Amino acid sequence: MSKEIIVSGIRPTGNLHLGNYLGAVQNFVKMQYEHNCYFFIADYHSLTTHPNPQDLHQNVRQVLVEYLACGLNPDACTLYVQSDLPQIPELYMLLNMHAYMGELERVASFKEKARTQPNNINAGLLTYPVLMAADIIIHKATKVPVGKDQEQHLEMARTFGNRFNRMYGKDIFPEPYAFNFGKELVKIPGLQGGGKMSKSDGDNNVINLIDSPELIRKKMSRAVTDTGPSEPNTAPSAPVQNLFDLMKIVSTEDKLTFYQQAYANCNIRYGDFKKDLAEDMVTFLTPVREKIADIQSNNELLKKVAKIGKEKAAESADKTLAECREAIGFRGF
Ligand code: ADP
Ligand code: TRP
């Protein structure tokens, strides 16, 4: 397999949960040893919501800590904070000159935000896809591991890269495409009976990597079930199936089979089921929680990691920007 250049960013909005870990970060950990990976914390992007400085700093720090605890290795990948790279806003500005109001206004995420926050429809929100394109193409990425919700943004990154190439008659940017690690995307279900584990559905829907054993037990005990199977051998309702799916991840096969049979025989006791699942969840997450606690206070390490990441990312970004500036006609004397 040939090496791809991979870029992915995560907005620093709080703690990582089990869904982020199994659906994204664990894949990053594998990819870093197989490809040329750039992983960054998208703190410029989070400015669209006007975070207060203390929260912003804290959230960026926390994502960095949790990324490292999950196994991202700064020697194997380039791990950096987006705002450490002024090259990104420079490319963003250059791309903005060829990004048109009409196409930006038609972006689904912009329309959604304009509807839900009518009092803060700022230009940063409108040009969010341009900034994201700059993130990606500044390293000449070919693959971007993102979910379906980012497909339109990715398409725009291809559009802006191609447009720049065509405009200046240079072949600077390759086309970036979505990267699916493995055959299928995992979807980790939430605890409230609905769809996926997501922080937008509240803290009780998610198990965060830093949740204490007590908190995990409490959240699991409150996980939504149903009134119980009404006759033998029926398919579980969605909320119960969600819990079986979680059990598939953290428990042994024997235990899963035991509860699936109990369900099929109509003698499952949800209290015991959830307690058992909670204990396995605690066991599953304890190593990463301890790692987070370990790194949490190690400011020297964080400083070092951010510095190395910044240097490595800047090297690649500077090269691309130099090509762009030359192509545009900023040539010096
Ligand atoms: P949230 O939905 O909690 O806001 P994000 O959208 O910030 O999470 O997720 C960041 C990444 O984590 C996504 O690109 C996706 O790949 C992954 N992810 C999030 N939730 C899940 C989940 N429930 N199952 C699988 N992957 C997930
Ligand atoms: N927009 C992405 C999200 O909301 C985050 C992001 C910003 C990103 N820049 C990126 C993802 C570049 C991949 C590549 O999840």
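This is a predicted model: local features need pLDDT of at least 70, side-chain atom pairs count only at pLDDT 80 or more; totals for chains, interfaces and linings use all residues.
1. How to read the values. Local features need pLDDT of at least 70 and side-chain atom pairs count only at pLDDT 80 or more, while totals for chains, interfaces and linings use all residues. Residues are numbered from 1 along each chain as its sequence is written, chains are lettered from A and ligands numbered from 1 in the order written, and side-chain values use heavy atoms, without hydrogens and water.

2. Asn-27. You will find Asn-27 in helix α1, residues 18–31 (helices are DSSP runs of H or I, at least four residues, numbered from the N terminus). Asn-27 is buried, at 14% relative accessible area (buried means under 20%, with a 1.4 Å probe and protein chains only). Leaving out residues up to four places away in sequence, Asn-27 touches Leu-22 and Phe-181 (heavy atoms within 4.5 Å). The Asn-27 side chain also reaches the backbone oxygen of Gly-23 at 3.4 Å.

3. The shell of ligand 1.

4. Polar atoms at ligand 1. Oxygen atoms of ligand 1 lie 2.7 Å from a side-chain N or O atom of His-17, 3.4 Å from a polar side-chain atom of Lys-196 and 2.7 Å from a polar backbone atom of Lys-199. Taken alone, ligand 1 exposes 530 Å², of which the protein buries 79% (Shrake-Rupley method, 1.4 Å probe).

Technical notes: Helices (H or I, at least four residues) and strands (E, at least two) are DSSP runs, numbered from the N terminus. Buried means under 20% relative accessible area, exposed over 50%, partly exposed in between (1.4 Å probe, protein chains only). A polar contact is a pair of N or O atoms within 3.5 Å; within protein, one must be able to donate a hydrogen and the other to accept it, and residues adjacent in sequence count only if both atoms are side-chain atoms.
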